[in-house]
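Welcome, and thanks for taking a look at this protein with us. Please open the sequence and the 3D view side by side before reading on.

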Amino acid sequence: MLSLQVNANFLRSLLLVLLVGWTSVVSAQQNYGIVSPNTKTDLKLADAIAGMNSAEESKLLKQAINLSCVVRSRIRAFRALGSWSDGAEHSVLVRVRGDEATLRYVLSRMGRDAEQKYVIYFHPVPGGKVDLYTLRPRARRNLVALTAELERAGIPFSTIVPLREATAIYIIDLDRDLRPQIMNAAQRLRARVTQEPGTAKLFGEDERDKAKLKFEQEIKDYETSNPNLPPTCDVQRKVFPAKAQRRKV
C-alpha cells in the first residue's frame, strides 16, 4: 500500500514538473508581428526608407514598447522596411513573448491607433503549416541594394530590419512555395538562414473604418478574458515615478 502511495505521489510530481515545463515553453515563445504607421498609397522605396526615421514611426515604436507593461511581457520593437514586388512602406517589427491571443491584442492596439487596414503576425507552432525564414547576410548592405537583390532572387515580399551591426530579413512563407527563391536569395547575399514552422495571419479589413472595428473587437475580447490589465509603461512612470525609478536601479 505504501509503495502504491509513493508511486502515486511520484506520478503527480512528475506531471506537475511536465506541466510547469510545458507552460514555460509556451510563455517563452517568440512571436513576430509587423505593423506600419503608413496611411499613404503608392509609396516609393526612397519615401519608405525616409519614413523609417519619421515621427509616426517613432510613435509606433514607443507604443509597442509601452504595451510591455500591459501584457506583462517584454516587447522589443525595431524600425523595419516592408518591401514587395510593386511597393514598400516603413514598418515596425515587434517581438513578443506569449501566446497567440496576446500577440493579436498587441497588434490590434497598434493597428487601430495607427489607422491601419491590416497587420500581420507569425506565431511559432511545432508542425505548423507556415514557415518563417530569417536571413542574416554576412556583410551589411544598404536597403536599396538589399531590396534589389531580393527582387532578383524572386522574393515577392519581405521585411528588412537594419540593426546596429547587422541586418535581418524576415520572410513569411504562407503557402510554403518560396523555399527555392529564399535559398537563392541566401546564396546571393551569403546569408545564414533559419526556418521555423508556425501559423501566420494577415488580419484586418480593406476599409479603415471596418478594420478599426475589427481591431477594437479583438481588443475587447482580450480585455474581457484578462480583466484589470495594468496601464502602459509610460502611464505607470507618470503615476508611480518612485516605483519606476526603483525598478531602474
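Predicted model: local features only at pLDDT ≥ 70, side-chain atom pairs only at ≥ 80, totals over all residues.

## The disulfide

C69 has a partner: C69 and C233 form a disulfide, with 1.9 Å between their sulfur atoms. The count for this model comes to one disulfide. C69 belongs to helix α4 (residues 68-71) and C233 to helix α9 (residues 233-239), so the pair, 164 residues apart, links distant parts of the chain.

Now let's turn to strand β1, which spans residues 30-35 and is mostly covered. Five of its six residues are buried. In a regular strand, the side chains alternate between the two faces of the sheet.

Which strands pair with β1? One is strand β3 (residues 87-97), which runs antiparallel to β1 and is joined to β1 by six bridges. In this pairing, G33 stands opposite V94 in β3. Another is strand β4 (residues 118-124), which pairs with β1 in the antiparallel sense over three bridges. Here Y32 faces across to F122, its opposite number in β4.

## Residues in the loops

Two loop residues are worth a look for their backbone angles. D42 sits in the loop between β1 and α2, and its phi is near 55 degrees, a positive value in a residue other than glycine. E115 is in the loop between α5 (100-113) and β4. E115 is not a glycine either, yet its phi is positive, at about 55 degrees. How do they stand for accessibility? D42, at 71% relative accessibility, counts as exposed, and E115 counts as exposed at 51%.

Finally, find N53 in the loop between α2 (45-51) and α3 (55-66). N53 has 63% relative accessibility and so counts as exposed, being over 50%. Its C-alpha atom is separated by 8.2 Å from that of R79, a residue 26 residues apart from N53 along the chain.

Methods: Residues numbered from 1 in each chain as written. Heavy atoms only, no water. Buried < 20%, exposed > 50% of the residue type's maximum accessible area, 1.4 Å probe, protein only. Helix = DSSP H or I, 4+ residues; strand = E, 2+ residues; numbered from the N terminus. Pairing = 2+ DSSP bridges. Disulfide = S-S within 2.5 Å.
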